[in-house]
Amino acid sequence: MSAKQISVLLISPDEQIYSAIEGSLAGQANCRFTGRQDTVTGVNGAAVALTARHDVVLFDVDDQSDDLMQTARTICDARMPNAIIIALASEDLPLEKARQLRKLGVDDVLPRTAINEEIVPQLDEIRARRQAQLPALWGGQATQGKVIAVAKSRGGVGSSIVAANMANELQSKEGFFKKKATNEVALVDLDFQFGSLAALMDVEESDAMWRMAMEESIPDTAFLEQAMVKSPCGVDVLSAPSRYGPLSAVKEEQIAAILDCLKRSHDYVIVDLPRALVEWITPVLGQADLLYLVTDVAVPSVRSARKLMDFYQAENPALEIQLVANLEKKPIIPAAHHRAAAKLLERDFAFWVPKDERTVREAVDRGVPLQDVSNRAPMTRAIRKLAQQTTVSLPPRVGHH
Ligand SMILES: Nc1ncnc2c1ncn2[C@@H]1O[C@H](COP(=O)(O)OP(=O)(O)OP(=O)(O)O)[C@@H](O)[C@H]1O
Ligand SMILES: [Mg+2]
């Protein structure tokens with residue numbers, strides 16, 4: 001993980017706590033919120049990996065559960081040095097149990113019902129104290145942009161459309177005609193053989209990546225300036241080569257160098273991953289601050305999503321993976337197959353992007369973002385929401401705007 005300022009993790013199935021904390025942190029610069037609306041047991045092995053990279057961890061404890069202490073121990077053992085751990089419990093939690101939790105290393109136990117009286121103000125205070133203590137360190141790290149990888153569970157599931165449109169929305173354009181980009185965004189097509197981003201973003205294909213692969217050169221800023229093309233919507237695109245080259249021609253050091261350079265010049269670096277599990281995706285998985293895995297909820301896609309998640313997580317246990325369900329409206333009441341998918345994946349879908357053939361077709365045909373076809377189409381709005389939440393959990397660089 002790079003460019004971290006203060007990161008807060010909440011694991012709680014309680015909708016009210018979840019939205020209160022998410023809401024209170026939403027407007028805070030330099031604060032990154034990650035939430036799992038679930039129990040610690042529910043998020044399973046992910047709790048440890050998540051805890052290990054957050055400065056403040058709030059987690060819900062079930063007082064009735066026999067595993068209460070074991071759960072708390074798991075969280076406390078996984079903490080980063082100096083991380084603050086807060087347990088949220090019922091008001092009736094016996095004193096003895098609260099004491100035991102403290103002994104295990106929990107810094108505080110707060111009553112779950114006192115959301116606005118205790119939980120939010122406490123968190124606010126910790127955040128303010130932490131940010132005041134470490135300005136130099138945080139300032140330094142926040143000068144680098146965030147890397148967001150986008151992967152897919154099957155071919156054609158929509159990952160490139162999601163990546164391209166998320167990149168456009170991440171620019172957070174402002175001004176009267178929404179023309180002025182607040183954030184610099186780069187979009188890198190690592191689908192080396194079948195990349196489609198040049199067409200989606202309406203830029204000329206380039207042979208730069210092919211030459212880089214064939215000449216075995218390590219890309220630098222000068223290479224990227226020449227290889228990248230600004231799309232009409234403002235995103236800087238490094239497109240896949242227009243001619244075929246073997247996947248094995250690309251080297252890990254080349255991809256690492258591309259990301260290192262782009263993080264210095266852009267607030268967000270979006271990487272469209274190939275489906276092939278080639279060695280040179282390792283630096284992407286290592287440097288990514290977040291990976292969105294795009295899938296549909298059909299059984300074969302979900303199975304393959306599960307396998308991919310395990311693979312990615314094995315490559316980088318600290319990598320945060322969020323699932324995006326494409327071609328599907330968020331169900332008001334999850335159907336059996338939604339529940340089965342969430343169970344197999346051991347987590348819920350973070351975002352839902354509805355099927356919207358008309359808007360997509362026009363956007364693809366014209367090579368424009370969905371936003372230009374319809375600002376209010378359900379799909380445009382779904383991807384905008386995804387981008388907005390991304391800017392909250394992964395803020396742009398400081399001092400560049
Ligand atoms: N939400 C959606 N609604 C309607 N059609 C969609 C949606 N998402 C994707 N599509 C369709 O799926 C096609 C493939 O999308 P896209 O190229 O983004 O997929 P991909 O996962 O990147 O595929 P590839 O494996 O080729 O890289 C699009 O051209 C579009 O027709
Ligand atoms: Mg694609």
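Select Arg397 to begin: this residue is buried, with a relative accessible area of 5% (buried means under 20% relative accessible area, exposed over 50%, partly exposed in between, with a 1.4 Å probe and protein chains only). The model is predicted, so local features need pLDDT of at least 70 and side-chain atom pairs count only at pLDDT 80 or more, while totals for chains, interfaces and linings use all residues. Residues are numbered from 1 along each chain as its sequence is written, chains are lettered from A and ligands numbered from 1 in the order in which they are written, and side-chain values use heavy atoms, with hydrogens and water left out.

The side chains of Asp267 and Arg397 form a salt bridge, 3.0 Å from N to O (a side-chain nitrogen of Lys or Arg within 4 Å of a carboxyl oxygen of Asp or Glu). This pair links distant parts of the chain, 130 residues apart: Asp267 is in the loop between H12 and S10, and Arg397 is in the segment after helix H18 (378-393). Helices (H or I, at least four residues) and strands (E, at least two) are DSSP runs, numbered from the N terminus. Asp267 is buried, at a relative accessible area of 0%. The side chain of Asp267 also reaches the backbone nitrogen of Arg397, at 3.0 Å.

Now colour the protein by domain: domain 1 covers 6-140 and domain 2 covers 143-393, with bounds from an automatic or database domain assignment. The centres of the two domains, taken over C-alpha atoms, are 30 Å apart. At their interface, 17 residues of domain 1 are in contact with 14 residues of domain 2 (contact means heavy atoms within 4.5 Å). Domain 1 and domain 2 bury about 1,100 Å² between them, 34% of it on carbon and sulfur atoms; buried area is the accessible area (1.4 Å probe) that two parts lose on being put together, summed over both.

Glu320 and Arg32 meet through their side chains in a salt bridge of 2.9 Å, N to O. Glu320 lies in the loop between helix H14 (299-315) and strand S12 (321-326) and Arg32 in strand S2, so the pair ties together parts that are 288 residues apart in sequence. Glu320 is buried at 2% relative accessibility, and Arg32 is buried with a relative accessible area of 6%. Glu320 forms a further salt bridge with Arg36, where the closest N and O atoms are 3.9 Å apart. Both Glu320 and Arg36 are buried.

Move on to Glu346, in the loop between helix H15 (336-345) and strand S13 (351-353). Is Glu346 buried or partly exposed? Its relative accessibility is 32%, so Glu346 counts as partly exposed. Beyond its neighbours within four places in sequence, Glu346 is in contact with Gly42, Val43, Asn44 and Arg306. The C-alpha atoms of Glu346 and Val43 are separated by 6.4 Å, although these residues are 303 residues apart along the chain.

Finally, select Val57 in strand S3 (residues 56-60). Val57 is buried, with a relative accessible area of 0%. Leaving aside neighbours within four places in sequence, its contacts are Leu9, Thr51, Ile75, Ile84, Ile85 and Ile86. For a distance across the model, pick the C-alpha atoms of Val57 and Glu215: they are separated by 47 Å, and the two residues are 158 residues apart along the chain.

Notes: A polar contact is a pair of N or O atoms within 3.5 Å; within protein, one must be able to donate a hydrogen and the other to accept it, and residues adjacent in sequence count only if both atoms are side-chain atoms.
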